[in-house]
Amino acid sequence: ISLHAAEAVLDDAEYKQLGDDRVRDWLNCLREAVYDADDLLDAVLTKAAIQKEVRSWLPSFFLNRHRKMVDNMEEVVERIEFLVSQKDILGLQRSTNDLKTKDNNLSSSSSSWRETTCLMEGKIYGREDDQQALIKIIHDRSESQLSVIPIVGMGGVGKTTLAKWAYSVAEGFDLKAWVCISETFDVADITKKTIEEITTDSCSLGSLNLLQNELQKILSGKKFFIVLDDVWSDDADKWKQFITPFHCGAKGSTILITTVAANACFPESNGNPILEEIGRKIVKKCKGLPLAVETLGRLLQGEDDAEEWNAVLRSDIWE
């Protein structure tokens, strides 16, 4: 609830931090609290994965031997709640284009949509671990035919900034492009924007067929680095359709995504319709909270037993 309350004013905070040091400090404190919460959830679910039985293990987590971790979690929650209580003092206003509106891809006024660019506004401080981890992932997948790397998190934690840094330092690619998504994930429109970003020329092609064939010709045999910034859609069918022309690239080709959408971070079902159905139900229970989806996705990564997925779906933790 506190994270939702904070996220509702993040657009206003991002804008106002440029001229108000108090708002900038507030944003930095919120980011640190979210990172700490993410680390704690990782630690909890790592223990759960080791125990194998999530349902039977979680209640014991709250016994005295785990009291320190519980105290740490409570402290992080208190920090987030305190920060949320400061939003009125700082004069932060709720965005008219809130999370639910974006997540459902409803129409919004053009003034509420902010287009991003690949240009860095300055240096990045305090993200060295994230930067090194991202570069390592890109390097480790240099022999893969196509890699899709998501940067997932709630708004305001610096996903776009990290992507800009990666774009600026990525070397050894034949083609690079930065594509800002934000609004409705329209396959034809995004394909057209990708062509224009790569060629730096306007594209007059109309049909999706012509657009995808043109993009495939441009990418064929080339090693490319494409950033898709601010993806909100979790429509798997649209994503599969959009990604088709990209498979013709050379080894090491990479698509980097910044997103709050669940589909980008949940484990692949590998064509298993049973796992896909269970996964969608789990995502629905997360009620739009990207941190919850990401954490459960890590827990189920590499797990192909439907009973394990169902155990998470039926778990008492949802209560």
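Student: What makes Lys217 count as exposed?

Tutor: In this predicted model, Lys217 has a relative accessibility of 60%, and because exposed means over 50%, Lys217 counts as exposed.

Student: Why is Glu214 called partly exposed?

Tutor: Glu214 has a relative accessibility of 26%, and since buried means under 20% and exposed over 50%, with partly exposed in between, Glu214 counts as partly exposed.

Student: How do you know that the side chains of Glu214 and Lys217 meet in a salt bridge?

Tutor: The N to O distance for Glu214 and Lys217 is 3.6 Å, and because a salt bridge needs a side-chain nitrogen of Lys or Arg within 4 Å of a carboxyl oxygen of Asp or Glu, the pair qualifies as a salt bridge. Both residues lie in helix 10 (residues 208-219), 3 residues apart, about one turn of the helix.

Student: What separates Lys281 and Glu277 in helix 12?

Tutor: Lys281 and Glu277 are 4 residues apart in helix 12 (residues 273-285), and therefore they are separated by about one helical turn. Lys281 forms a salt bridge with Glu277, with the closest N and O atoms 3.6 Å apart.

Student: Why does Glu277 count as partly exposed?

Tutor: The relative accessibility of Glu277 is 48%, and because partly exposed lies between the buried cut-off of under 20% and the exposed cut-off of over 50%, Glu277 counts as partly exposed.

Conventions
Residues numbered from 1 in each chain as written. Predicted model: local features only at pLDDT ≥ 70, side-chain atom pairs only at ≥ 80, totals over all residues. Heavy atoms only, no water. Helix = DSSP H or I, 4+ residues; strand = E, 2+ residues; numbered from the N terminus. Buried < 20%, exposed > 50% of the residue type's maximum accessible area, 1.4 Å probe, protein only.
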